Amino acid sequence: MTAPKTTRWPLPEPMAIALQAAREAGAAGEVPVGAVVVKGDEVIAVAGNATRSPPDPTGHAEMRAIRMAAQTLGDDRLTGCDLYVTLEPCVMCAGAIAHARIARLYYGASDPKGGGVEHGARVFEQEQCLHRPEVHTGMGEEEAAELLRAFFRERR
């Protein structure tokens, strides 16, 4: 796999929607992460983190958005879909992205402690990974990182 591409660009609508989902998750007491699945120009699914209410350790924004998109499209393969997420996906979410056959992954803030794409396990670089999306980083990075910093600052 080639290294993720960090690009500075105008914020596209799907990432703006993901950031709004992250803000809503934070307001609900969840870690402020948001995700959006698009196919072409159509938004298929929008989700924020929801791991606490109801208790669901798999309730990450990416997992929820992928589940919603699969239900909407009636297919477990999200071929031709792109995922926009405010934080680097963890190992669990990266595995789901690969299994869902997401074409392109765009994420904002890197996660050196819990990330599974450019940090940690680097799921898409593993020989066992049967599908590798095109990965782009840094989109909405400053706002996504500030949402997370503010959230955790309030809880310390």
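## Pocket, core and rings in a predicted model

Helix α4 gives the most to the lining of the largest pocket, with 5 residues. This is a predicted model: local features need pLDDT of at least 70, side-chain atom pairs count only at pLDDT 80 or more, and totals for chains, interfaces and linings use all residues. Residues are numbered from 1 along each chain as its sequence is written, and side-chain values use heavy atoms, with hydrogens and water left out. Helices (H or I, at least four residues) and strands (E, at least two) are DSSP runs, numbered from the N terminus.

**The pocket.** The volume of the largest pocket is about 310 Å³. Its lining has 13 residues. Among them, L87, S110, D111, P112 and L148 lie nearest the centre. A pocket here is an open set of points on a 1 Å grid over the protein atoms alone, where a 1.4 Å probe fits, with protein on both sides within 12 Å along at least five of seven lines; lining residues have an atom within 4 Å of a point. Points are joined across faces, edges and corners, and the volume is the space filled by probe spheres set on them.

**The core.** The largest nonpolar core holds 46 residues, and V37, L78, L105 and F124 touch the most other members. At least two residues of this core come from each of α1 (13–27), β2 (34–39), β3 (42–48), α2 (61–73), β4, α3 (91–100), β5 and α4 (141–155). Such a core is a set of buried Ala, Val, Leu, Ile, Met, Phe, Trp, Tyr and Cys residues joined through side-chain atoms within 4.5 Å. Buried means under 20% relative accessible area, exposed over 50%, and partly exposed in between (1.4 Å probe, protein chains only). In soluble globular proteins, nonpolar side chains tend to be buried together.

**Aromatic pairs.** The whole structure has 2 aromatic pairs. Rings of Phe, Tyr and Trp (its six-membered ring) pair if their centres lie within 6.5 Å; planes under 30 degrees apart are stacked, over 60 edge-to-face, and the rest tilted.

| Pair | Centre to centre | Between planes | Type |
|---|---|---|---|
| Y84 and Y106 | 4.5 Å | 10° | stacked |
| F151 and F152 | 5.1 Å | 85° | edge-to-face |

Y84 lies in strand β4 (residues 81–87) and Y106 in strand β5 (residues 104–109), so their pair ties together parts that are 22 residues apart in sequence. Both Y84 and Y106 are buried. In the other pair, F151 is buried at 6% relative accessible area, while F152 is partly exposed at 32%. R155 sits over the face of F151, 3.7 Å from the ring centre. That label needs NZ of Lys or CZ of Arg within 6 Å of the ring centre and within 35 degrees of the ring normal.

**Cysteines.** How many disulfides does a search of the whole structure find? It finds 0. A disulfide is a pair of cysteine sulfur atoms within 2.5 Å. The sulfur of C81 is 16 Å from the closest cysteine sulfur, in C93, so it is too far for a bond. C129 has its closest cysteine sulfur in C93 too, at 14 Å, again too far for a bond. C81 is buried at 0% relative accessibility, and C129 is buried at 8%.

**Backbone notes.** Most residues other than glycine have a negative phi, and most peptide bonds are trans. A cis peptide bond joins S53 and P54, with omega about 0°. P54 is in the loop between β3 and α2. R101 is not a glycine, yet its phi is positive, about 65°. R101 lies in the loop between α3 and β5.
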